[in-house]
Amino acid sequence: MAIPYEFAYERPETAEQAVKLLGKYGKNARILAGGTDLANQMKQGFRVPEILIDIKNIKEWEVIKMVNNELHIGSLVTFNDLRKSQLIREKLNILFEAAGLVASTGVRNRATMVGNICSAVACMDSAAPLLVHEAVIHTLSIDGERTIPIQQWFVDNRKTAIQDNELVTHVSIPIPEKKYAGAYQKMMRYSGEDLSQSNVGVLALSDNKYHVAFGSVGPTPKRSLKIENLLNTKGISKETIEEAKAMIETVIAPITDVRATKEYRMHMTKVMFERALKSAVERFKQPKLITQ
Amino acid sequence: MKAYKYIGQSVVKVDGKEKVSGAALYTDDLEFGPDLLYAEVVEGPHAHAIINSIDTSEALKVPEVLAVVTGKDFPFNFGLYMKDRFIFAQDRVRFYGEQIAAVVARTPQAAKKGAQLVKVNYTPLPKILNPLDSIKEGAELLHPELKNYEHVPWFFPKADTNIAHHRKIRKGDADKGFEQADYILEDTYEVPRYSHCAIEFHAAVAKYDHSGRLTVWASSQSPHTQRNLFAQALAPLGIRHNDVRVIAPHVGGGFGSKAGVTMEIIAAAIATKVQGHPVKVMWNREREFYNTYQRLGVVAKLKIGVKKDGKITALKHDLFWDAGAYVEYAANVVNAVGLSAIGPYNVENASIDSYCIYTNLPPGGPYRGFGYSEFLFGLESHMNRIAAHLGIDPIEIRRRNIIKEGDLTAYGAHMNPNGLLQAIDKVAEEIKWNEKLKSNDPDIALGKGFSLFWKAPAMPPNASSSCFLKFNEDASINLLVSGMDLGQGFLTVMAQIAAEILSVPTSKIRTENPDTDRNPYEWQTVASHITWGCGNAVRKAAIDARDQILALVSRTKYLPVDTLYLEDEKVKCTTHSKFELPLKDFIINGIQMEDGTFKGGPVIGRGVFMPEYSSTNANPETSQGGHPNVHYTVGAAAAILEIDIQTGKMKVQKVVEAVDAGKALNPSLVKGQIVGGILQGISTALYEEMKFDHRGKLLNPNFTDYKIPTALDIPGEIVPIIVEVPQPDGPFGARGVGEHTMIPIAPMIANAIDNALGIRIKTMPITAEKVCLEILKKG
């Protein structure tokens, strides 16, 4: 199916040119990186941008690198780039795991992680890993740079804290100084490519501290300090896990739709929470387990 | 017995290289030059409504729009078995998304723009989205004209109701049979609608030229039937059968969706309004789901009575089919099931009522299995439940009841030779039926499931196949048939049949998808009949050619004809070991005699096959007396299923399926059908589900939310098994296997779940969610 209307296309060579164009067109422009979401929206007429600004020539945004104790992921890094990166495999195993569950190989070759959090569709896979790692989003506009903590990034389904004249250059993730391990669980209708009907990210940190985030069970992904607090104060035991599972009912608000009922989503979120938690704890004890 | 050289060999597909390399052209790939026009369909946003008016004036103002056509331009009924369908909706729409009009333009964009500007005024009518509502007293009549529709003689529409056909079986005395039973199990099973999900969309290009010729290029399973229906529907415009030519390029999957006629008639009709221009109509994925055929939904009420030893005393099967808005094809699915809903069992007392019911959902139609998957879900679930109640092994109870050669079918004809017992034995052995399963993981439950299957081709008693076989100077052959290679390997197998009889290697036989002007008649590539039916036609054509060759050599070389035979592209003689005459020396130009004259001429074989013993003449109250089905293909399947008891997620660890192919003409292709059928069966059992909202609008016309398996979802191990009990009237003993392979899968899965968890699921699909919620309910 072709895109049934005309639009302009620019492919700037530098970040400066890109934000200049964006400054000129504002909300009438869309940034094109992977385009896996945008192309579908344009074909179906949900979005009718006047101009596409293709940023794929801006090489500095293709990079995954360590800067001091932060890991930087550029806005052109695809999910399969994440899967191929030794740095991601070692430092951000939860993101490595989540990236492998995004859509299919074909889509992962194109789709970018930054595009995923910019589309901010409730069922995205990147949010929970970035939430538990307290990532920071870096934007750029003609007015300069801005940093937004991931906690404040998601405003509503498909709405983020980004301004019309801004684009995301990269995401930075502080790497904990001590030992840590994460785990991601995704609810899917089968093993093939699917949009998550619920997902859970758990990060196990040293000193028996935990970060927990949920996705696809509300308009925005959500980190739960309430559950973290319970785990952090009471420690991991059969009882606290049950207590935390019961608490999930007060934390998330799943809906019934064409993909699943809210009852099944709620049940699965609890099961996945327990599995992610146990898996994160296992990996914390035996980091070599992090291979999948 | 003489060993075969080509039959029974896994000859490589004749079109394999072309397809694998991407060279094969499909309808959308064809070039039609600058005159090509594009049509965009206008759809109705109501499941049931009166069309008050259609305003096309704004659409016609769009630059590059040439024409807008509506139902008024084509006030014609059409249909395969019952003429209840229209090219465009006439006075009313009957399903959400039905075509109302089409805008024809020089570009797809202009056509689309025009289509958005067509204004239609509707008065909504009460809609019926469920077959049981449709047969209630006082239900809105969806086809008030039903009593006037032309239909085949074996349909029995009920005037002034929504029942378009009722197939009734009365065999023996069911009431008495139930009285004799020691145990009776009665329950209801539900199967929803499904979509074929062929990778290639429906596509049609039609051109009506200034000589009055209508040529249609279409992705099709049925080129000749399409020609017939186009000619019938457009006859009021002065179009005759010999004016219509259907050309069928490669097809990217059919599964029944491209049988008969659906959207192709839109292209054919529009072409008559823009004479001289080819017009293209392309469906998209959404329309593939809601405006082609869908597999019918069914509510099946089943009652079986048995003796203590498990022997069936009576069976009552009432099937209420959600056949959709138009049933011109669907009614025959209902008919086929009515005839066969006893399953592969010897049942003395049977009562079957199969109702074809109109609803305001998209038209039902043929889908791989033709209704058998649907009724076997309940029947094969029921057999396990009865066995459990009686404390008999589920396979043993089947052994005690299966239909054998010579037993009477539901309609009183004799069962054909078959290898059902062999299939059961082989499957039971391969799955190690008697070994208990043990799970090492407390979160994983394991279960074994088993199911039998049977299916007959559902076709008119006079459905025919034919073949022209033309030799060329070098003794290569052009084999002209009109069956379609849908990926199943049909053309390859036809080449093998001709090769075997004529001793010409398959590499020298060119056989391609048809052009109805060039290739002789074929009914349709459906019903899994094509290997058997068209194979017989090819066999006859090859024998015809062989007989001409041997007769010519006999009269010119003065050798008795019964001493002559073909080997390695030569005529040889049993009594003169040195005699050999290469075919290429005479096959076109004849044999020269001593006086310089030539005898013979181009050898052209001709073969026609019609099952002349088939008949639908029967008592409509009992269905006794006719011979509506030519034969049944049978088999068995079993699986080991693992279930995550916390999430309900299932994985088929191993699946085994045996099918009686009669003779596997190409074993590799038969195994391909088994593997493919298993996967499609697993898909419908576990994942696929059409979801309609209260308006009758399909909510998931896409692969985002209508799931078919990927490579990650295939079973751990698949074991295809071929059984060969020859079909007496099949080519080299072959009978069809294509559809059958998916039929046993859903009940097999349901039985495995019951075996693992003691949970009986009676509605399809059996999603992880459904299983999980049942586990939670059970506690």
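Reply: Strand β19 (residues 465-471) of chain B pairs with β27(B) in the antiparallel sense, over 6 bridges; two strands pair if DSSP finds at least two bridges between them. Helices (H or I, at least four residues) and strands (E, at least two) are DSSP runs, numbered from the N terminus. The model is predicted: local features need pLDDT of at least 70, side-chain atom pairs count only at pLDDT 80 or more, and totals for chains, interfaces and linings use all residues. Residues are numbered from 1 along each chain as its sequence is written, while chains are lettered from A and ligands numbered from 1 in the order in which they are written.

Within this pairing, B:I604 of β27(B) has B:K470 opposite. A residue is buried if 20 or more other C-beta atoms, placed from the backbone, lie within 10 Å of its own. In a regular strand the side chains alternate between the two faces of the sheet.

As for the core, the largest nonpolar one has 341 residues. Such a core is a set of buried Ala, Val, Leu, Ile, Met, Phe, Trp, Tyr and Cys residues joined through C-beta atoms within 7 Å. Helix α14 (residues 530-557) of chain B gives the most to this core, with 11 residues. B:A498 is among the residues with the most contacts inside the core. Leaving aside neighbours within four places in sequence, B:A498 is in contact (C-beta atoms, placed from the backbone, within 7 Å) with residues including B:L469, B:V538 and B:A542.

Methods: Buried ≥ 20, exposed ≤ 12 C-beta atoms within 10 Å, placed from the backbone. Contact = placed C-beta atoms within 7 Å.
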